[in-house]
Every structure is written in C-alpha cells, then in structure tokens.
Amino acid sequence: MHPLLATHAAEAARRLTPDVHRYFAGGAGDQVSLDEAERAWSQLRLRPRVLRDVATVETGLELLGTALATPVLCGPAAAHGLAHPEGEVATARGVAEAGSLMVLSTRSSVAIDEVRAPGPWWWQAYVVLDHGLTRERAARAADAGARAVVLTGDVPYLGARHGATRLDLTGRPDPRDRQDPSIGLEAIDLLARASGGLPVLVKGVLRGDDALACLDAGAAGVVVSNHGGRQLDRAAATAEVLAEVVDAVDGRAPVLVDGGLRSGLDVLCALALGADAVLLARPVLWALAVGGADGVRDCLGAVTEELRHCMGLAGCSRLADIGPDLLHRRP
Ligand SMILES: Cc1cc2nc3c(=O)[nH]c(=O)nc-3n(C[C@H](O)[C@H](O)[C@H](O)COP(=O)(O)O)c2cc1C
C-alpha cells in the first residue's frame, strides 16, 4: 500500500465515528472477498524490461473521448457527506486537480446538479423500481455535464452486510428508490436513451461471457468489480478474473477494474493484465475525511506518481507500452 494511503486510512479510522467507519470499510458476509482483494494484486509478479528510454514517462490517456492525466480514477461511493461536510463537491475538486475523472454515485450526498464538478465526470446509475425516477436522474446527469453513465449491475439486492456494516447510513427510505431486481440487459438501452445518448458502461462484471453480452447489448465499456466485497461474498478477486474479461472484450471497448488497488504498483499490474484504467473507492473516502479536496488530490496524485516511477523501472515510457508480457507466470 502506498504510505500516504496507509496514513489516510489510519487517520480516517480515528476521525470518523465507528458507525461511519464500519459502513465505509466493511464488506458482505464473512468478508472473504474483501480480505482477498488487496492480497490478490500483490500475488502478481513482474518481468521488467531493461535498457528502454524512460527519461520521460507519460501517464496520460484518452478514455471514451476524454483526455486524462492519469488512469487512476475515483470510483463511485455513496454518501461522501459522511466523510466531509462538503461531500462530493470537495471530492470533485480534488479529482479535477489530479487531472482524473470522478464517477458520481446515484447515492451521493450532494444532488447531481449541485456537485458542479470542475473536471470530467461520469454518473453511476442504479435502475430503481421507479424507472421514471431513473430516467429523470439520467437526464439530470446528462444536463449537468456527465460524459458517460456507469450502470452498476451487481446490486439486484443489497449484499448481506452484517452488524454495523448493514446500517443504511445513506438514509433513503423511499421504497420506489430501491434497486429493481428484475432488470436485464435492456437497462443499458434505457439509460442510453434517458441520458440523450451518453455511453453506458456496466460495472460489476466478473465474467467474459457477461462482458460480451453487455457489449452486444450496446455497452460502451465494462468495469470489472465485485463491489469492494460488499455484494456476493466469495465473489472472485478482480485481479484473478480481469484477464478473462479482457480476452473476451478483445479490444472492442475499454475495460476498467476496481477492488483493493492501493498503490502505483497495483495499478501497473492491472494495466499489464489489460485494464485501460482503474478506480479507487475507499482510499478516496479516507483521503476526503482527512484532507478534503486536497486529500483527494494528494491520494490520486501519489498513486499516479508511484505508477510513473514503477513504469520507468519496468521499462515503459507510455501506458501503451504496458502489456501482458510484463507479467511473470510462475512455473
Ligand atoms: C462506502 C462505499 C459505498 C459504495 N457505494 C457505491 C455506489 O453507490 N455505487 C457503486 O456502483 N458502487 C459503490 N461502491 C463500490 C465501489 O465503487 C467499488 O466497486 C469498491 O469499493 C472497490 O473499490 P475499493 O476497494 O477501492 O474500495 C461503494 C463502496 C464503498 C466502500
């Protein structure tokens, strides 16, 4: 783990109330998937290249038409207001200052049109029982400047969060606003239309066949994720299934990944497995709780700087140089 992220995590544990800390930190069931996520990245081993010109190392990329300074993005998480009084407004400022992109949760503390992110952002959608409400939110997100919609597909029901991690600290009692468990692939088209034609990525994909089905149904990309171990416990670690999804997608669309990424080295490994970009969720919440917008900027900036350093050591001067040949397959 990057030392700054470790400091933020420890300091946030001291500052947040125990309820809020458990809500952010926790996972579902016995927390097997949660516990495995970080370890799975550290199991990967590298085969660095030597004698490549790495005098300058670039971390910039273009993702669905948006130029970004870093492939380290801010993932969607509910209720940033529990971490900081300014909530997602502060997060959005920090993300923009890092030259990154924010995915704003449906369950944000600040209303979609009040975040006014100074940088590029995507809106994360849940299709709720009231489809009219979903369409209205997607239209508001598009009007407010969202450049894509991220449909979260792994929450037909809330995962089994035991004890304090089950507390619904986001406070959304309206039954119309619960996730609709009956939706299928047509939800991709529903969101594309409601948002006036924004690209729709599907988040929560852990299988190659699902990724292909999503693309065939019109998705513009997929996010390999097990929801930070908060949904189906014992869902596979994303580090272990990413390659299957990348193989299936075969370059047709961007593949993003999240879950337990805590350092530039983790990010290098994810990109070597074929991801185009990664998302961090809990590290951003801890950074926000400790340092507000500046904390978020520093968190994403530190991971990006570490990625740059590791790229140099691995003989890669651009993200395009990072490929599966960098990974060592143990005998
Ligand atoms: C407190 C919390 C709230 C979350 N809320 C959402 C959400 O509203 N929508 C969503 O798609 N994912 C949500 N997630 C899942 C994250 O986007 C992400 O998939 C997961 O946390 C993995 O990243 P991490 O290990 O960096 O935290 C949430 C995660 C946490 C920890």
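This is a predicted model: local features need pLDDT of at least 70, side-chain atom pairs count only at pLDDT 80 or more; totals for chains, interfaces and linings use all residues.
Residues are numbered from 1 along each chain as its sequence is written.

The protein contains ten helices and twelve strands. Helices (H or I, at least four residues) and strands (E, at least two) are DSSP runs, numbered from the N terminus. The C-alpha trace spans about 60 × 45 × 40 Å along its principal axes. Of the 331 residues, 52% count as buried. A residue is buried if 20 or more other C-beta atoms lie within 10 Å of its own, exposed if 12 or fewer, and partly exposed in between, with C-beta atoms placed from the backbone. Two residues are in contact if their C-beta atoms, placed from the backbone, lie within 7 Å. Among contacts between residues at least 6 apart in sequence, 74% join residues at least 24 apart.

The largest nonpolar core holds 110 residues, of which Val149, Val222, Leu268 and Val278 touch the most other members. Helix α10 (residues 282-314) gives the most to this core, with 17 residues. Such a core is a set of buried Ala, Val, Leu, Ile, Met, Phe, Trp, Tyr and Cys residues joined through C-beta atoms within 7 Å. Beyond its neighbours within four places in sequence, Val149 is in contact with residues including Trp122, Trp123, Leu191 and Val200.

Ala314 lies in helix α10. Ala314 is buried because 21 other C-beta atoms lie within 10 Å. Not counting residues up to four places away in sequence, Ala314 touches Leu46, Pro48, Arg49, Leu268 and Leu326. Asp325 is eleven residues from Ala314 along the chain, and the C-alpha atoms of the two are separated by 11 Å.

Helix α4 (residues 88-97) is largely enclosed by the rest of the structure, because nine of its ten residues are buried. Among them are Glu88 and Arg93. The buried residues of α4 pack against β4 (72-74), β5 (102-104), β6 (121-125) and α10. Just after α4, Gly99 takes a positive phi of about 70°.

The ligand is surrounded by 24 residues, and the closest are Ser105, Thr152, Gly228, Ala281 and Arg282. A residue is near a molecule or strand if its C-beta atom, placed from the backbone, lies within 6 Å of it. The shell has nine nonpolar, ten polar and five charged residues. Ala, Val, Leu, Ile, Met, Phe, Trp, Tyr, Cys and Pro count as nonpolar, Asp, Glu, Lys and Arg as charged, and the others, Gly among them, as polar.

An unreviewed UniProt entry lists Tyr23, Tyr126, Arg161, His227 and Arg230 under "binding site". UniProt positions are given in the numbering used here, feature names are shortened, and annotations may be inferred rather than shown by experiment. Arg161 is in the loop between β7 (149-152) and α6 (186-194), and counts as buried with 20 C-beta neighbours inside 10 Å. Arg230 is in the loop between β9 (221-224) and α8 (238-249), and is buried with 24 other C-beta atoms within 10 Å. Not counting residues up to four places away in sequence, Arg230 touches Gly27, Ala28, Gly159 and Arg161.
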